[in-house]
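Dear colleague,

Please find below the structure I am handing over to you, followed by an account of what was found in it.

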Amino acid sequence: MNQNELLLQVEEKKIVPVVKLDRASDAKPLCEALCQGGLPVAEITFRTDAAEESIRIASREFPDMLIGAGTIVNTEQAKRAVDAGARFLVSPGFSRSVTEWAVDNQIMIFPGTCTPSEVMSAMEYGLPVVKFFPASQYGGLATIKALAAPFPSMRFMPTGGINADNIKEYLSFNKIIACGGSWMVKDSFVKEGNFEKIKELTAQAVALLK
């Protein structure tokens with residue numbers, strides 16, 4: 001899959017579940033719940049020691065799923081994530097070294113931005129989409145619209161404070177390709193093994209956007 005095809009898939013799915021896994025053994029049931037709920041995509045964050053193995057399991061067991069790695073803050077993490085099977089990378093902020101590594105290796109990256117300067121830095125690498133994070137704390141949709149005005153070629157993937165109550169408003173703006181969200185994959189649900197709840201909330205989210 002090339003990068004344009006990947007972007008089309010992200011745009012089609014509209015939601016990228018942001019997943020934190022403390023146990024790699026949760027990766028398979030978590031992915032099953034997302035797929036059964038109608039959302040075969042996950043950004044597995046590199047916030048835990050289980051992240052790399054979770055990505056490896058998810059990529060192996062669910063080859064048709066769009067599995068990415070989030071919270072990538074250095075090139076070592078980026079390499080490990082891609083080696084494990086991640087098809088895209090997401091960073092909480094803008095890192096030139098991580099971005100350069102991704103571009104050089106033809107890996108789609110969504111670096112975190114929240115200022116005009118950061119958006120301009122991303123544009124230097126020819127990136128078509130940036131993450132806007134943390135969205136709610138930095139003015140949400142109003143700020144994205146303000147940033148979109150001087151950068152008409154750039155599109156955004158807001159994350160942080162996105163939920164079932166506001167996602168439709170975000171997605172109504174044509175410069176937003178998709179939204180990152182964790183309300184359907186809450187840490188507590190995963191820790192409790194409540195994958196049925198994850199499946200239920202995922203299905204509700206998908207239905208909400210139809």
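Which side chain of opposite charge is nearest to Lys-13, and how far away is it? The model is a predicted one, and in it the nearest such side chain is that of Glu-12, at 4.3 Å. Because a salt bridge requires a side-chain nitrogen of Lys or Arg within 4 Å of a carboxyl oxygen of Asp or Glu, Lys-13 has none, although it is buried. Lys-13 belongs to helix H1, which covers residues 3-13. Setting aside residues up to four places away in sequence, Lys-13 touches Leu-39, Pro-40 and Val-41.

The largest nonpolar core has 80 residues. Those touching the most other members are Leu-30, Ile-55, Leu-89, Phe-110, Phe-156, Met-157 and Ile-198. For Phe-110, the residues touched, not counting those up to four places away in sequence, are Leu-6, Leu-7, Phe-88, Leu-89, Val-90, Ser-91, Val-129, Lys-131 and Met-157. Leu-89 and Met-157, both among these partners of Phe-110, are also on the list of core residues that touch the most other members.

Ile-109 is found in strand E5, residues 108-110. Its relative accessible area is 1%, which is under the 20% limit, so Ile-109 counts as buried. Beyond its neighbours within four places in sequence, Ile-109 is in contact with Leu-89, Ser-91, Val-98, Thr-99, Ala-102, Leu-127 and Val-129.

- Gln-106 has a positive phi, near 55°, and is a residue other than glycine. Gln-106 is found in the loop between helix H5 (96-104) and E5. With a relative accessible area of 66%, Gln-106 is over the 50% limit and is therefore classed as exposed.
- Thr-71 is likewise not a glycine, yet its phi is positive, at about 55°. Thr-71 lies in the loop between strand E3 (66-70) and helix H4 (75-84).
- The peptide bond from Phe-133 to Pro-134 is cis, with omega near -10°. Pro-134 is found in the loop between strand E7 (129-132) and helix H7 (140-148).

Yours sincerely

Key: Residues are numbered from 1 along each chain as its sequence is written. This is a predicted model: local features need pLDDT of at least 70, side-chain atom pairs count only at pLDDT 80 or more; totals for chains, interfaces and linings use all residues. Side-chain values use heavy atoms; hydrogens and water are left out. Helices (H or I, at least four residues) and strands (E, at least two) are DSSP runs, numbered from the N terminus. Buried means under 20% relative accessible area, exposed over 50%, partly exposed in between (1.4 Å probe, protein chains only). Contact means heavy atoms within 4.5 Å. A nonpolar core is a set of buried Ala, Val, Leu, Ile, Met, Phe, Trp, Tyr and Cys residues joined through side-chain atoms within 4.5 Å. Lys and Arg count as positive and Asp and Glu as negative; His and the chain ends are not counted.
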